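Here is a short tour of a predicted model, meant to be read with the structure open beside it. Please load the coordinates and follow along.

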Amino acid sequence: MDLKTRKRWSLLILLVGLPLYIVVAVSLVNWMDRSWGRQPILVELAVYVVLGILWALPFRKVFTGIGKGE
């Protein structure tokens with residue numbers, strides 16, 4: 001995949017995919033609250049950190065070298 005295509009895909013991922021993923025992550029934590037009650041703040045923080053890392057893993061190749069010049 002050339003740099004121009006990766007830039008377009010990364011822009012699409014950041015503008016459309018990331019907000020959708022944030023909604024899913026917050027919904028997951030809200031579901032945890034409804035199912036098991038309010039978790040300690042460190043548990044919620046750990047869930048958000050893990051989810052924050054997981055979303056980027058499939059897109060490593062797309063984001064590689066985006067900030068560099070052509």
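The UniProt record, an unreviewed entry, places the feature "transmembrane region" at residues 9-29 and 41-59; its positions are given in the numbering used here, feature names are shortened, and annotations may be inferred rather than shown by experiment. This is a predicted model, where local features need pLDDT of at least 70, side-chain atom pairs count only at pLDDT 80 or more, and totals for chains, interfaces and linings use all residues. Residues are numbered from 1 along each chain as its sequence is written, and side-chain values use heavy atoms, with hydrogens and water left out.

**Helices and overall form**

Here is how the two annotated spans look in the model.

| Span | Helix | Strand | End C-alpha distance |
|---|---|---|---|
| Residues 9-29 | 100% helix | 0% strand | 28 Å |
| Residues 41-59 | 74% helix | 0% strand | 29 Å |

The protein has 3 helices and 0 strands, in the order α-α-α along the sequence. Helices (H or I, at least four residues) and strands (E, at least two) are DSSP runs, numbered from the N terminus.

The radius of gyration is 16 Å, whereas a compact globule of 70 residues would be near 11 Å; the value is taken over C-alpha atoms, and the globule rule is 2.2 Å times the number of residues to the power 0.38. Along the principal axes, the C-alpha atoms fill a box of roughly 50 × 20 × 15 Å. Of the 70 residues, 19% are buried (under 20% relative accessible area; exposed is over 50%, partly exposed in between, with a 1.4 Å probe and protein chains only).

**A buried glutamate**

Now zoom in on helix α2 (residues 41-54), where Glu44 sits. Is Glu44 buried or exposed? Glu44 counts as buried, at 8% relative accessibility. Beyond its neighbours within four places in sequence, Glu44 is in contact (heavy atoms within 4.5 Å) with Val29, Asp33, Arg38 and Gln39.

**The aromatic cluster**

The structure holds 3 aromatic pairs. Rings of Phe, Tyr and Trp (its six-membered ring) pair if their centres lie within 6.5 Å; planes under 30 degrees apart count as stacked, over 60 as edge-to-face and the rest as tilted. One of them joins Trp55 and Phe59, a tilted pair at 6.4 Å centre to centre with 50 degrees between the planes. Why is the pair of Trp55 and Phe63 edge-to-face? Their planes are at 80 degrees, with centres 6.1 Å apart, so the pair is edge-to-face. Trp55, Phe59 and Phe63 form one aromatic cluster. Within it, Trp55 is buried at 18% relative accessible area, while Phe59 is partly exposed at 28% and Phe63 is partly exposed at 25%.
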